[in-house]
Structures are given as C-alpha cells and as structure tokens.
Amino acid sequence: MKKSIPIFFTSLAILLSMLLLPSMYAGELSRGAMLSASCEGCHGTNGHSPGSIPDISGKSAEYIRLALEGFRSGERESTVMGRHAKGYTDDEILLIAEYFAQQK
Ligand code: HEC
C-alpha cells in the first residue's frame with residue numbers, strides 16, 4: 001500500500017503536465033496569432049499578400065524579426081511599417097515572427 005502513494009503522485013504529475021503543457025503552448029500560439037491578425041489586414045491571411053503589399057509568407061522568423069526591428073528603429077525606410085512596428089515590444093515581435101514563419 002505504501003509503495004502505491006509515490007506512484008499515485010507520479011502519475012498525477014504526469015497527467016497534470018499532459019493537461020497543462022498543450023494549453024500553455026496553445027496560449028503562446030494564439031497570442032502570436034492574435035498579434036499577427038493586425039498584420040494580415042495588409043499582408044493577407046498567413047502573410048500571403050494578394051496585392052502590392054509585400055508577401056511575407058514563407059519568410060524566416062529571423063527575416064521578419066530583423067525587418068520589424070529595422071522599421072521600428074527607423075534604420076529601414078518605410079511608409080507605414082515604421083509606425084506600425086513601434087507598437088510592439090521585442091517579445092511581441094518574436095511571437096509575430098515565429099507565427100508567420102510557421103505559416104505555409
Ligand atoms: C497598413 C498596412 C500594413 C500593416 C498593418 C502591416 N504592414 Fe508590413 N508592410 C506594409 C508595407 C506597405 C510594406 C512595405 C514597406 C513600407 O512602405 O512600409 C510592408 C513591409 C513589411 C515587411 C518587409 C517585407 C520584405 O519583403 O522585406 C515585413 C517583414 C512586414 N511588413 C511585416 C509586417 C508585420 C509582421 C506586421 C504586423 C505586426 C505588418 N507588417 C503590418 C504594410 C503593412
């Protein structure tokens with residue numbers, strides 16, 4: 001009987017982590033998706049731009065992050081992106097870049 005107590009807690013811990021981990025991951029994903037929704041108005045769903053605005057689908061996270069940081073600092077010239085990029089923190093830029101890099 002005594003031996004079954006650690007087993008009970010171990011399985012409880014495993015069960016809890018199985019329940020919690022995917023929802024934490026989904027939370028991060030949906031935050032990236034939420035932040036990226038404002039980009040999709042111009043760049044198209046998943047970054048597939050239908051018009052004259054640059055297509056950002058298929059770009060790496062690194063490319064998108066560096067572009068946003070360049071726009072934000074003014075190092076890279078822009079018409080609208082400079083103003084837009086100023087609204088995001090470093091962490092948010094990372095989430096956005098990762099979100100778009102994951103889109104096919
Ligand atoms: C109001 C429309 C608009 C919104 C909203 C917008 N963009 Fe842009 N984006 C542009 C335009 C226009 C350019 C071309 C540079 C410029 O003139 O500002 C551009 C350029 C870019 C580039 C460079 C593309 C390349 O080929 O190098 C990236 C990356 C980018 N945007 C990402 C984003 C992300 C990520 C968001 C959301 C946080 C976003 N944009 C929101 C209009 C927009």
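## A residue in helix H4

Ile-96 is part of helix H4 in this predicted model. Ile-96 counts as buried because 25 other C-beta atoms lie within 10 Å, where the cut-off is 20 or more.

Setting aside neighbours within four places in sequence, Ile-96 makes contact with Gly-32, Leu-35, Ser-36, Cys-39, Ile-64 and Tyr-88. Although Ile-96 and Arg-31 are 65 residues apart along the chain, their C-alpha atoms are separated by 8.6 Å.

## Overall fold and confidence

The chain contains four helices and zero strands, which gives the pattern α-α-α-α when read along the sequence. The chain has 104 residues, of which 15% count as buried. Among contacts between residues at least 6 apart in sequence, 56% join residues at least 24 apart.

The mean pLDDT of the chain is 87, and 82% of the residues score at least 70. Among the elements of the chain, H2 has the highest mean pLDDT, 98, while H1 has the lowest, 75. Where pLDDT is low, predicted coordinates should not be read in detail.

## The nonpolar core

The largest nonpolar core is made up of eleven residues: Ile-56, Ile-64, Leu-68, Phe-71, Ala-85, Ile-93, Leu-95, Ile-96, Ala-97, Tyr-99 and Phe-100. Two elements, H2 and helix H4 (90–102), each give two or more residues to this core. The largest share, six residues, comes from H4.

Phe-100 is one of the core residues. Not counting residues up to four places away in sequence, Phe-100 touches Ser-36, Gly-47, Ile-56, Lys-59 and Ile-64. Ile-56 and Ile-64 also belong to the core, and Ile-64 is in contact with Ile-96 as well.

## The surroundings of the ligand

The ligand is surrounded by 17 residues, and the closest are Cys-39, Cys-42, Ser-78, Thr-79 and Met-81. Helix H1 (4–43), helix H2 (61–73) and helix H3 (81–85) are the elements that give two or more residues to this shell. H1 supplies the largest share, with five residues.

By residue type, the shell divides into eleven nonpolar and six polar residues, with no charged ones.

How values were computed:
Residues numbered from 1 in each chain as written. Predicted model: local features only at pLDDT ≥ 70, side-chain atom pairs only at ≥ 80, totals over all residues. Near = placed C-beta within 6 Å. Nonpolar A, V, L, I, M, F, W, Y, C, P; charged D, E, K, R; others polar. Core = buried A, V, L, I, M, F, W, Y, C linked by C-beta atoms within 7 Å. Buried ≥ 20, exposed ≤ 12 C-beta atoms within 10 Å, placed from the backbone. Contact = placed C-beta atoms within 7 Å. pLDDT = per-residue confidence, 0-100.
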